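Hi everyone, thanks for making time for this one.

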Amino acid sequence: MNDHYLNKGSLPRVVKNAPNLREALRIYGTERLLHVVDVCLQHDDDPFRREFGLIHKRYANMLFMVTEAIQDVDYLTKSILTWIEEDFNNAMTGAQKDAAGLCGSEIKMILDLTFP
């Protein structure tokens, strides 16, 4: 990610107020990522939005997998962030770059929150 996306990203208040990382990721996946998917997939005539939405769906599914893990959620989330950074660096379309940049920045923001 770069500063552009780090400054562009924002988190829903309920994510910031979550009791722990696991719950913050669940809420983020539902409240932010799946909402973007629903909006974007209504635009079948716009290839950018369709691809942008499908990438958000993939990231939501990855985060939901992490939230169901019994292992260290922090470690698994950092692993996903690394994969998203690779997606960002290797993006071949604007939708890929924007989705990875925005989602990666917001996931980094969640990781930077201090949870008990």
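So, what does the secondary structure of the chain come to? It comes to 6 helices and 0 strands, and from the N terminus on, the elements run α-α-α-α-α-α. Please keep in mind that this is a predicted model.

Let's take the overall shape next. Along the principal axes, the C-alpha atoms fill a box of roughly 45 × 25 × 25 Å. A compact globule with 116 residues would have a radius of gyration near 13 Å, and the chain has 14 Å, so the two agree. Of those 116 residues, 41% count as buried. If you look at contacts with a separation of 6 or more, residues 24 or more positions apart account for 70% of them. As for the surface, the chain exposes about 6700 Å², with carbon and sulfur atoms supplying 51% of that.

Now let me zoom in on helix 4, residues 47–67. How far apart are its end C-alpha atoms? They are 30 Å apart, and that agrees with expectation because 21 residues at 1.5 Å a residue should span 30 Å.

At the N-terminal end of helix 4, have a look at D46, which caps it. A side-chain oxygen of D46 lies 3.1 Å from the backbone nitrogen of F48.

And which residues of helix 4 are buried? They are F52, G53, I55, H56, Y59, A60, M62, L63, V66 and T67. What do they pack against? Their partners are helix 3 (21–40), helix 5 (73–89) and helix 6 (94–112).

That's my tour, so over to you for questions!

Terms used. Residues are numbered from 1 along each chain as its sequence is written. This is a predicted model: local features need pLDDT of at least 70, side-chain atom pairs count only at pLDDT 80 or more; totals for chains, interfaces and linings use all residues. Side-chain values use heavy atoms; hydrogens and water are left out. Helices (H or I, at least four residues) and strands (E, at least two) are DSSP runs, numbered from the N terminus. The expected span of a helix is 1.5 Å times one less than its number of residues. Buried means under 20% relative accessible area, exposed over 50%, partly exposed in between (1.4 Å probe, protein chains only). Contact means heavy atoms within 4.5 Å. A polar contact is a pair of N or O atoms within 3.5 Å; within protein, one must be able to donate a hydrogen and the other to accept it, and residues adjacent in sequence count only if both atoms are side-chain atoms. The radius of gyration is taken over C-alpha atoms; the globule rule is 2.2 Å times the number of residues to the power 0.38. Accessible areas come from the Shrake-Rupley method with a 1.4 Å probe; for residues, only the protein chains shown count as cover.
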